[in-house]
Amino acid sequence: MIYFTSEMLFHKGGDMAKIEDLRNEYQQLGYHLRLIATFRIGILSVFPALVGALVRFMWEVSQKETGLLLRILLPFGGFIATVIVALVERRIIPLYDLLIRRGADLEEIVDIHDGIYHRIIRLLGAPTLRDVATAFFVAVGILFLVVFMVQTVALMKGIF
Amino acid sequence: MGNNVLGENGKHPWGWEAKLVLVLGLIFAIGVGFAFAERVGLIHFH
């Protein structure tokens, strides 16, 4: 969505205040993008550690004669956590795309056709990272479901 | 595809990287499932 055209700004006597607004918005876009990138990297580092710790804990619990409720609730909780993190990721990606598109619009307005946002759009012609993240979340969710099923079958068969 | 990826809800076919991660992840998940099944005594490997 383009609010101002370059003709409005530069050729038909557009005031400098609007240009200053656009510059501020362009700067703020960079801050937002950095925040989102930091958050996604945070997920990337925290979530696998969480999964590893949870699998290790499930492994410990399933050896001892612990309460079966815990043995079933742990993998189920892991599955829920995976779904929540995947939903957060799905929410963030459109926001990221929105910021990139707005940045490209601002660059169009000031006649920069090879700015960083245009380059990012070209770079994201094949957005592999988000697909890899989705595949990873699906696999981890299925891992927790498999363990959940194993523990449930063990409960139903009366194996401790 | 191409530059259209950021628009139109971003729908596009998965690349080979995502498919590889999914297949490896599923193999890992099934392996962990078998390990747990043996651990709790559902199956026995001899």
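The model is predicted. For the complex, the predictor gives an ipTM of 0.79 and a pTM of 0.78.

Start with chain B. Its pLDDT averages 80, and 74% of the residues score at least 70. Residues 1-5 of chain B fall below 50. Even so, that stretch has 10 contacts in the model beyond near neighbours in sequence. The secondary structure of chain B comes to one helix and zero strands. Chain B has 46 residues, and 11% of them count as buried.

Now look at how the chains meet. Chain A gives 30 residues to the contact and chain B gives 24 residues. On the side of chain A, two or more residues come from each of helix 2 (16-63), helix 3, helix 4 (116-123) and helix 5 (128-156). Helix 5 of chain A has the largest share, with 17 residues. By class, this side of chain A has 20 nonpolar, six polar and four charged residues.

Leaving out residues up to four places away in sequence, Gly25(B) touches Ala135(A), Phe136(A), Ala139(A) and Val140(A). Is Gly25(B) buried, exposed or partly exposed? Gly25(B) has 19 other C-beta atoms within 10 Å. A buried residue needs 20 or more, so Gly25(B) counts as partly exposed. Further along the chain is Ile43(B), 18 residues from Gly25(B). The C-alpha atoms of these two residues are separated by 22 Å.

Next comes the nonpolar core. In soluble globular proteins, nonpolar side chains tend to be buried together. The largest nonpolar core here has 21 residues. Leu143(A), Val147(A) and Val150(A) touch the most other members. Helix 2 and helix 5 of chain A each give two or more residues to this core, and so does helix 1 (16-40) of chain B. The largest share, 12 residues, comes from helix 5 of chain A. Take Val150(A) as an example. Neighbours within four places in sequence aside, Val150(A) is in contact with Gly33(B), Phe36(B), Ala37(B), Val40(B) and Leu42(B). A second, separate core has five residues, among them Tyr96(A), Ile100(A), Ala104(A) and Tyr117(A).

How far should helix 3 of chain A span? The helix runs over residues 68-109, which is 42 residues.

Just after helix 3 of chain A comes Asp111(A). Its place is in the loop between helix 3 and helix 4 of chain A. Most residues other than glycine have a negative phi. Asp111(A) is not a glycine, yet it has a positive phi of about 60°. Is Asp111(A) buried or exposed? Asp111(A) has 10 other C-beta atoms within 10 Å. The cut-off for exposed is 12 or fewer, so Asp111(A) counts as exposed.

Methods: Residues are numbered from 1 along each chain as its sequence is written. Chains are lettered from A and ligands numbered from 1 in the order in which they are written. Helices (H or I, at least four residues) and strands (E, at least two) are DSSP runs, numbered from the N terminus. The expected span of a helix is 1.5 Å times one less than its number of residues. Two residues are in contact if their C-beta atoms, placed from the backbone, lie within 7 Å. Ala, Val, Leu, Ile, Met, Phe, Trp, Tyr, Cys and Pro count as nonpolar, Asp, Glu, Lys and Arg as charged, and the others, Gly among them, as polar. A nonpolar core is a set of buried Ala, Val, Leu, Ile, Met, Phe, Trp, Tyr and Cys residues joined through C-beta atoms within 7 Å. pLDDT is the predictor's confidence in each residue, from 0 to 100.
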